[in-house]
Amino acid sequence: MTTVHVDGEGFMTEYDEWTDELAVELAARIGIELTDEHWKVIRFLRADFPAHGETATLRRVSTLAGIPVKQLFVLFPGKPAKKMAYVAGLPKPRGCV
């Protein structure tokens, strides 16, 4: 078992501790089975984060990754921005309550 650093809400705080295997486990914890479409979102978020120093918003993911916001709600139901960040091992996006 690997130990990872998380904040009080369970979001990972160390970018380099994340792995694909961990993403599968995190997704399963919130009831999501990852598909290729989920991985497209996760890969975009992981690549975008180091360049901008914060987790991309839904609008940014939609615009730059070409995935409609409605589809993000299908892939990550309920609170997609929080769930996407959680599975991608990134901080909770700004503006999320």
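Biologist: Among contacts between residues at least 6 apart in sequence, what percentage join residues at least 24 apart?
Modeller: This is a predicted model, and a contact here means heavy atoms within 4.5 Å. Taking the pairs at least 6 apart in sequence, the share that joins residues at least 24 apart is 49%.

Biologist: Which kinds of element make up the protein, and in what order do they run?
Modeller: There are five helices and zero strands. Read from the N terminus, the order is therefore α-α-α-α-α.

Biologist: Where on helix α3 do the buried residues lie?
Modeller: Helix α3 covers residues 58–65, and its buried residues are Leu58, Val61, Ser62 and Ala65. An α-helix has 3.6 residues a turn, so residues three or four places apart point the same way. Seen down the axis of α3, the buried residues fall within an arc of 100°, so they line one face of the helix.

Biologist: Which exposed residues does α3 carry on the face turned away from its buried side?
Modeller: Exposed means over 50% relative accessible area. The residues on that face of α3 are Arg59, Thr63 and Leu64.

Biologist: Which helices are included in what covers the buried residues of α3?
Modeller: The cover includes one helix at 36–52, another at 69–75 and another at 80–88. These are α2, α4 and α5.

Technical notes: Residues numbered from 1 in each chain as written. Predicted model: local features only at pLDDT ≥ 70, side-chain atom pairs only at ≥ 80, totals over all residues. Heavy atoms only, no water. Helix = DSSP H or I, 4+ residues; strand = E, 2+ residues; numbered from the N terminus. Buried < 20%, exposed > 50% of the residue type's maximum accessible area, 1.4 Å probe, protein only. Arc of directions from axis to C-beta.
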